[in-house]
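Student: I have the model open and want to learn how to read its features. Please show me.

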Amino acid sequence: MASDNDLILRMEHIDMFFPGVKALKDVSFNLRRGEIHSLMGENGAGKSTLVKVLTGVYQKTAGDVIYCGDHIEPKSPLESQKIGISTVYQEVNLCANLSVAENIYIGREPRTKLGAIDWHTMEERSSKLLHDSLGIDIDVTKLLSFYPVAMQQMIAIARAIDTRCKILILDEPTSSLSERETEKLFEIMRNLRSTGISIIFISHFLEQIYTICDRITILRDGSYVGEYEVKKLPRIELISKMMGKEINEGEIESNVDKSKPSDKRFIETDKVTVPGKVKDLSFNIKQGEVIGLAGLLGSGRTEIADMLFGLTPKTSGTLKVDGLEVSFKCPMDAMKKRIAFCPEDRKISGIFADLTVRENIIMALVAKGGMFRHMPRSKQNELADYYIKLLRIKVSDREQRVGQLSGGNQQKVIIARWLATQPSLLILDEPTRGIDVGTKSEIEALSVSLAKENGMSVVFISGEMGEMVRTCSRIIVIRDHVKLTELAEDEISETHIMQAIAGDYHGHA
């Protein structure tokens with residue numbers, strides 16, 4: 001146990017009540033000086049609420065926050081920032097229409113003797129700050145929007161450093177980053193740690209937690225589970241503590257249905273091309289199987305899904321659904337052929353945050369029926385309640401706004417929406433991105449059971465190779481918008497997928 005002198009932050013016996021909900025119950029959290037500490041738990045465990053208490057977004061109901069030896073009660077994020085606690089969120093909270101320099105010094109602009117903004121000094125300081133603290137050399141006079149998300153996050157971190165933060169909170173900072181960008185971020189985090197800055201790191205990527213963090217605090221259902229040294233906590237034990245039940249390694253490793261799927265082909269493509277997106281694609285999807293599309297970011301996985309759902313119509317080749325040649329001009333054409341699609345970005349393309357769970361679930365079915373076919377409220381309620389129960393969606397009731405749910409439960413609502421249309425093919429594009437380990441396992445198992453028990457065909461797309469291995473009975477490997485090979489049965493492993501992407505492994509043609 002660390003002595004009080006080692007601790008920069010102690011949060012003790014924290015309670016947080018919302019009307020009808022106890023979001024945090026007697027939660028404790030200790031942060032040492034100069035360490036990277038992961039805050040982990042399933043969606044809805046209380047991670048974000050605890051951070052919002054620390055940063056003044058919420059005022060706690062009970063408990064103590066002791067920072068640098070003093071009791072604090074920040075009333076706003078600005079107040080917490082002034083005392084040295086800064087947060088960089090997954091969605092960068094800077095101003096895209098301002099320059100890099102303006103973003104770094106917004107609200108703290110250097111002034112001339114006459115009180116005007118000293119642009120030269122501000123730009124000079126910004127360049128020096130980025131170079132000296134992060135090793136980045138960019139044009140700070142360009143608009144923030146000119147730079148990719150990864151660079152915008154680095155700029156947000158630079159701003160936090162310049163406000164002389166002692167605690168830096170990174171909330172899902174790697175979800176939009178490539179492997180190379182993530183490694184660069186980790187290098188910066190290690191450098192910050194060596195200067196004595198303490199980092200709270202929130203991520204759903206287990207591999208990253210074990211790569212970069214010193215300790216882990218686990219929350220479950222708004223309660224404190226425990227604090228652990230990363231090197232002394234096996235991954236299987238971490239998942240068990242997060243989910244609150246014992247899990248056998250084998251259970252996590254595979255949900256795959258080993259029984260042979262039907263020989264009946266629901267989808268067949270022959271040399272299908274969408275210019276710049278899909279090239280000469282020939283493959284099939286059998287009834288009652290989970291087929292994976294594997295490849296690096298930008299390889300063409302999502303583009304294939306878009307083509308199958310009619311978002312980007314093919315220009316050549318043939319597409320058959322249930323043995324009949326089709327030519328989709330729009331998603332409604334695909335929906336009429338009982339094809340459903342859960343898109344990659346649930347916030348932009350998936351949920352309607354201001355609508356209720358009930359309204360979100362019935363939306364695709366109502367759209368498919370046409371604007372003149374009214375669905376009775378009793379039928380809407382029945383459908384919503386059925387899928388809330390089937391998918392174990394955590395809601396107060398069916399009339400709760402979807403925007404109030406955790407990411408994992410939002411994802412379940414989108415899946416429920418499409419299951420309500422009773423599809424023959426369900427396309428899941430990154431269905432577990434940014435959600436907790438427990439819900440990931442549920443969605444993986446659901447994909448397999450829909451295929452095995454309902455005879456549904458499922459296309460499963462994920463950047464996590466382990467997830468593909470656990471879920472898919474056949475995997476098509478894509479690179480540069482071209483199908484390279486297929487893996488099936490005993491060929492399916494993370495090693496073989498990576499070898500196939502690199503062109504060093506050849507499975508079925």
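Student: How many aromatic pairs does the structure hold?

Tutor: Some ground rules come before the count. This is a predicted model, where local features need pLDDT of at least 70, side-chain atom pairs count only at pLDDT 80 or more, and totals for chains, interfaces and linings use all residues. Residues are numbered from 1 along each chain as its sequence is written, and side-chain values use heavy atoms, with hydrogens and water left out. Rings of Phe, Tyr and Trp (its six-membered ring) pair if their centres lie within 6.5 Å; planes under 30 degrees apart are stacked, over 60 edge-to-face, the rest tilted. The structure holds 6 such pairs. One of them joins Phe 146 and Tyr 147, edge-to-face, at 5.1 Å centre to centre and 90 degrees between the planes.

Student: Are Phe 146 and Tyr 147 buried or exposed?

Tutor: Buried means under 20% relative accessible area, exposed over 50%, partly exposed in between (1.4 Å probe, protein chains only). Phe 146 has 52% relative accessibility, so it counts as exposed. Tyr 147 is buried, at 11%.

Student: Which residue lies over the face of Phe 146?

Tutor: A charge sits over a ring if NZ of Lys or CZ of Arg is within 6 Å of the ring centre and within 35 degrees of the ring normal. Here Lys 142 lies over the face of Phe 146, at 4.5 Å from the ring centre.

Student: Which residues do ring pairs link into a cluster?

Tutor: Phe 309, Phe 341 and Trp 418. Phe 309 and Trp 418 pair edge-to-face, 5.6 Å centre to centre, with 90 degrees between the planes. Helices (H or I, at least four residues) and strands (E, at least two) are DSSP runs, numbered from the N terminus. Phe 309 sits in the loop between helix 10 (301-308) and strand 14 (316-321), while Trp 418 is in helix 15 (residues 407-419), 109 residues apart. Phe 309 is buried at 6%, and Trp 418 is buried at 8%.

Student: In what order do the 6 strands of the open sheet run?

Tutor: Strands of a sheet pair through backbone hydrogen bonds, either parallel or antiparallel. Two strands pair if DSSP finds at least two bridges between them. The order here is 16-17-18-13-19-20, with mixed pairing. Strand 16 (339-342) and strand 20 (482-488) stand at the edges with a single partner strand each, so one side of each is left without a neighbour in the sheet.

Student: In which sense do strand 17 and strand 18 pair?

Tutor: Parallel, over 5 bridges. Asp 429 has Ile 461 in strand 18 as its bridge partner.
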